[in-house]
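Visitor: I'm new to this one. Could you show me how to read the pockets and the ligand site?
Guide: Happy to. Let's look at it together.

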Amino acid sequence: MPHKFEPAHKERLLSQERKRLLDPERVIALLPMEPRHSIADIGCGPGFFTLPIARHIPTGRVYAIDIQEEMLEAVRARIAEEDVKNVEVRLSGEMELPLENESVDGAFLAFVLHETEDKVAFLKRIAKALKPGGWLAVIEWYKKEMEEGPPAYERLSEAQVQRLAKKAGFVQTRKLPLNEMHYFILFKKA
Ligand SMILES: C[S@@+](CC[C@H](N)C(=O)[O-])C[C@H]1O[C@@H](n2cnc3c(N)ncnc32)[C@H](O)[C@@H]1O
């Protein structure tokens with residue numbers, strides 16, 4: 001089982017350095033979001049992307065989902081502090097995504113897929129939760145050794161993510177580097 005991000009280090013996920021590297025507004029501009037969309041931020045952590053996404057679609061809804069309660073407590077605190085009204089926080093199990101079938105327009109997976117055990121089954125479960133034509137955005141680390149981030153053997157190359165997503169029934173619509181460490185791939189439910 002790949003290791004999960006340690007909640008004790010969750011502040012690292014909210015750092016200014018990370019904001020500089022992975023500006024959420026820049027990432028949001030790549031998502032095919034519409035004002036009334038329902039978006040699942042799966043593996044939301046302390047909500048680095050959740051809150052900016054929610055602010056971007058004030059008439060839509062964001063489901064902040066994670067398997068670690070401590071991460072969800074951090075998101076709840078930030079939602080209350082920033083008075084964001086359109087986020088619903090849901091505890092997940094490794095494979096038990098708390099979403100109805102065909103209930104969301106988009107799924108956002110930032111630095112999560114490499115932490116999951118059965119990646120194709122996980123992506124298939126996400127595909128079920130998406131409405132027809134729904135989108136899936138994946139952000140991951142390039143598969144090489146770096147000072148920061150997970151060990152290279154736990155990382156997923158772009159080709160691996162493409163293969164996994166294809167097996168789960170997704171079609172790629174866009175792929176680009178976000179910076180020298182991270183890449184972004186957008187898929188559509190076939
Ligand atoms: C590296 S953190 C990234 C958090 C957030 N997406 C971000 O980029 O700031 C990965 C998160 O995914 C969660 N996670 C791992 N496996 C998961 C699964 N099967 N379902 C939902 N969340 C999962 C972990 O608990 C952790 O909070």
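Visitor: Which residues come nearest to the ligand?
Guide: Keep in mind that this is a predicted model. There are 19 residues around the ligand, and those that come nearest are Lys-4, Arg-18, Gly-43, Asp-66 and Gln-68.

Visitor: How does that shell divide into nonpolar, polar and charged residues?
Guide: Sorting the shell by class gives 10 nonpolar residues, 4 polar ones and 5 charged ones.

Visitor: Which polar backbone atom is 2.9 Å from a nitrogen atom of the ligand?
Guide: That one belongs to Ala-110. For Glu-94, a backbone N or O atom sits 3.1 Å from a nitrogen of the ligand.

Visitor: And how much of the ligand's accessible area does the protein cover?
Guide: On its own, the ligand has 600 Å² of accessible area, and the protein covers 98% of that.

Visitor: Now for pockets. How do I find empty space?
Guide: Picture rolling a probe the size of a water molecule over the atoms; it shows where empty space is left. Here, the largest pocket holds about 940 Å³ of space, and it is the space taken by the ligand.

Visitor: Which residues lie nearest the centre of the largest pocket?
Guide: Its lining has 42 residues, and Phe-5, Leu-13, Arg-18, Phe-111 and Glu-115 lie nearest the centre.

Visitor: What volume does the second largest pocket have?
Guide: About 200 Å³. Its lining counts 13 residues, with Lys-19, Pro-24, Phe-48, Pro-52 and Arg-78 nearest the centre. Helix 1, helix 2 (24-28), helix 3 (50-56) and helix 4 (69-82) each give two or more residues to this lining.

Notes: Residues numbered from 1 in each chain as written. Predicted model: local features only at pLDDT ≥ 70, side-chain atom pairs only at ≥ 80, totals over all residues. Heavy atoms only, no water. Near = heavy atom within 4 Å. Polar contact = N/O pair within 3.5 Å; in protein donor to acceptor, adjacent residues only side chain to side chain. Areas by Shrake-Rupley, 256 points an atom, 1.4 Å probe, with all protein chains shown as cover. 1 Å grid on protein atoms, 1.4 Å probe; cavity = no way out; pocket = protein on both sides within 12 Å on 5 of 7 lines; lining within 4 Å. Sits in = over half its atoms within 2 Å of the grid points. Nonpolar A, V, L, I, M, F, W, Y, C, P; charged D, E, K, R; others polar. Points joined across faces, edges and corners; volume = space filled by probe spheres on them. Helix = DSSP H or I, 4+ residues; strand = E, 2+ residues; numbered from the N terminus.
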